[in-house]
Amino acid sequence: MSIKKYYYCVYENAIPELICDQIFKQGLVSKGNIGTTYSSNKDLIQDPDKLKKLYAKRDSNIAWLRFPWIYKQIVPILNHAMEKFEWNFEISFIESCQFTIYNKGQYYGWHKDSYTGEKIIKENHGRNRKLSASLLLNDPEEYEGGDLEFIVENENNPITNKVERITKNKKGTLIIFPSYVYHQVLPVTKGVRYSLVIWCQGKEWK
C-alpha cells in the first residue's frame, strides 16, 4: 500500500442544512452508548476511572444509523472525491453511519480507521476500511474546541511530518480522507459537537 498524494479534502456546504437537521434528529432518537477505546492491557487495571485516564483514546456518545436517504446524499460526493483526488479505491461495502456526540471534555485521540491484524480482517470478510468521511451536523458557533486534525506525512523525511487542523467549518461540511491517515478530534471545551462518520470498505490492501 502506498500513501496517496492527498491526505484529506474538505467539501463545504456539501449537504443541505435541512438534511443535516434530519440526520441530527434521527441520531438523537436512536439508542446511543458510550464509545470508548482502550489499550490492549486494560484487563490489568481494576479501577475504571484509572483505566479511562491512562488508556482511553476516545470518549464520546454514539448511535448507529443506516438509512438509504443518508447514503443517497453522501455517496456521490465520496465518489467525486475518489476520482478528483486520485484515490480510486475499490469499494464494495459501506458501514452503518456513526452519529457521534462530543460533549464538553470529550475527544478522540490519534488513530487511523483502517483495520490491522488477521482476525479483524477475517471478521470483515477480507475487507478493510479504505475511505472515511465526517459530516459536521451543527454550526461552529454552538461549540468550542473539537477541531479535526490530520498528520500529513513526508515519506522522504518523517521528521518534517506536520499536523494540519480543520477548524470552524459550517454545518453541512463533509471532510473525506483515506482511512489509513492518522487523525484526531480535539477535546470540546464548550457546548456540544455533532457529526456523522462513514467508513467505506474494500478488498484488503495489496
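Student: What is the volume of the largest cavity?
Tutor: Please note first that this is a predicted model. Rolling a probe the size of a water molecule over the atoms shows where empty space is left. A search of the whole structure finds 2 cavities of 30 Å³ or more. For the largest cavity, the volume is about 170 Å³.

Student: Which residues lie closest to the centre of the largest cavity?
Tutor: The lining of the largest cavity is made up of 18 residues. They divide into 8 nonpolar, 7 polar and 3 charged. Those closest to the centre are Tyr 102, His 111, His 183, Val 185 and Val 197.

Student: Which element gives the most residues to the lining of the largest cavity?
Tutor: The elements that give two or more residues to this lining are strands S5 (97–102), S6 (107–111), S7 (127–136), S12 (183–185) and S14 (193–203). The element that gives the most, with 4 residues, is S14.

Student: Is Ser 195 buried or exposed?
Tutor: Ser 195 lies in strand S14. Leaving out residues up to four places away in sequence, Ser 195 touches Gln 98, Phe 99, Thr 100, Tyr 102, Ser 134, Leu 135 and Leu 137. Because its relative accessibility is 1%, and the cut-off is under 20%, Ser 195 counts as buried.

Student: How far apart in space are Phe 24 and Leu 196, C-alpha to C-alpha?
Tutor: Phe 24 is found in helix H1, which covers residues 17–29. Its relative accessible area is 24%, so Phe 24 is partly exposed. Beyond its neighbours within four places in sequence, Phe 24 is in contact with Phe 99 and Tyr 194. Phe 24 and Leu 196 are 172 residues apart in sequence, while their C-alpha separation in space is 8.7 Å.

Student: What share of contacts between residues at least 6 apart in sequence joins residues at least 24 apart?
Tutor: The secondary structure of the protein comes to 4 helices and 14 strands. Among contacts in the protein between residues at least 6 apart, the share that joins residues at least 24 apart is 86%.

Student: How many disulfides does a search of the whole structure find?
Tutor: Cys 20 counts as buried because its relative accessibility is 0%. Cys 97 is in no disulfide, and the nearest cysteine sulfur, that of Cys 200, is 9.2 Å away. A disulfide needs a pair of cysteine sulfur atoms within 2.5 Å. For the whole structure, the number of disulfides found is 0.

Student: Where does Glu 86 lie?
Tutor: Glu 86 is not a glycine, yet its phi is positive, at about 60°. With a relative accessibility of 53%, Glu 86 counts as exposed. Glu 86 lies in the loop between helix H3 (68–84) and strand S4 (93–94).

Student: Is Asn 88 buried or exposed?
Tutor: Asn 88 is found in the loop between H3 and S4. Its phi is near 50°, a positive value in a residue other than glycine. Because its relative accessibility is 56%, and the cut-off is over 50%, Asn 88 counts as exposed.

Student: What percentage of the protein's residues is buried?
Tutor: The protein exposes about 11400 Å², and carbon and sulfur atoms supply 51% of that area. Of the 206 residues in the protein, the buried ones make up 47%.

Conventions
Residues numbered from 1 in each chain as written. Predicted model: local features only at pLDDT ≥ 70, side-chain atom pairs only at ≥ 80, totals over all residues. Heavy atoms only, no water. Buried < 20%, exposed > 50% of the residue type's maximum accessible area, 1.4 Å probe, protein only. Contact = heavy atoms within 4.5 Å. Areas by Shrake-Rupley, 256 points an atom, 1.4 Å probe, with all protein chains shown as cover. 1 Å grid on protein atoms, 1.4 Å probe; cavity = no way out; pocket = protein on both sides within 12 Å on 5 of 7 lines; lining within 4 Å. Points joined across faces, edges and corners; volume = space filled by probe spheres on them. Nonpolar A, V, L, I, M, F, W, Y, C, P; charged D, E, K, R; others polar.
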